[in-house]
Amino acid sequence: MLPVRVYYEDTDAAGVVYYANYLRFCERARTEWLRALGFEQQAMMSSTGTAFVVRSVHADYLVPARLDDALEVVTRIGTLRRASLLFNQEIRRQGQLLFTAQVLVACIDTHRQKPAPMPANLHALFERSFA
């Protein structure tokens, strides 16, 4: 779970969180979730030449967040495959569900820009956290 505070820069002209910022909050939460597992994305790119990219997103905007709201972004693995994983993410305010997203992330070979299996040690780490 990643706590996020809504700042003025996160809102639109109507005073609610701009729709694309929910995706930014989710991106940060996935990165911090990986860090909490002891994994650094830059290290993976440097050592293996692989990286994660977002392949698709399905998002549902249920209730708007507003300036100064204290939010929680929850990240879970929904599906784990050899070269991809589906994250299920939620954004909540004091327990109230505001936003959900299913984010399909693919592992690619950064030199060829083609799908590649994620490093075995990382896949095993995901399997342990998925169980």
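The legends below describe close-up views of a predicted model. Residues are numbered from 1 along each chain as its sequence is written, and side-chain values use heavy atoms, with hydrogens and water left out. Because the model is predicted, local features need pLDDT of at least 70 and side-chain atom pairs count only at pLDDT 80 or more, whereas totals for chains, interfaces and linings use all residues.

**View 1. The aromatic pair of Phe52 and Phe126.** Rings of Phe, Tyr and Trp (its six-membered ring) pair if their centres lie within 6.5 Å, and planes under 30 degrees apart count as stacked, over 60 as edge-to-face and the rest as tilted; by this rule there are 8 aromatic pairs. Phe52 and Phe126 make a tilted pair, at 6.3 Å centre to centre with 45° between the planes. This pair links distant parts of the chain, 74 residues apart, with Phe52 in strand 2 (residues 50-61) and Phe126 in helix 3 (residues 120-130); helices (H or I, at least four residues) and strands (E, at least two) are DSSP runs, numbered from the N terminus.

**View 2. The aromatic cluster.** Trp33, Phe39, Phe52, Phe87 and Phe126 form one cluster. Phe52 counts as buried because its relative accessibility is 15%, and Phe126 is buried at 0% (buried is under 20% relative accessible area, exposed over 50%, partly exposed in between, with a 1.4 Å probe and protein chains only).

**View 3. Strand 4 and its pairing with strand 3 and strand 5.** Strand 4 (residues 84-93) has 7 of its 10 residues buried. Strand 4 pairs in the antiparallel sense with strand 3 (residues 70-80) over 8 bridges and with strand 5 (residues 96-109) over 10 bridges, where pairing requires that DSSP finds at least two bridges between two strands.
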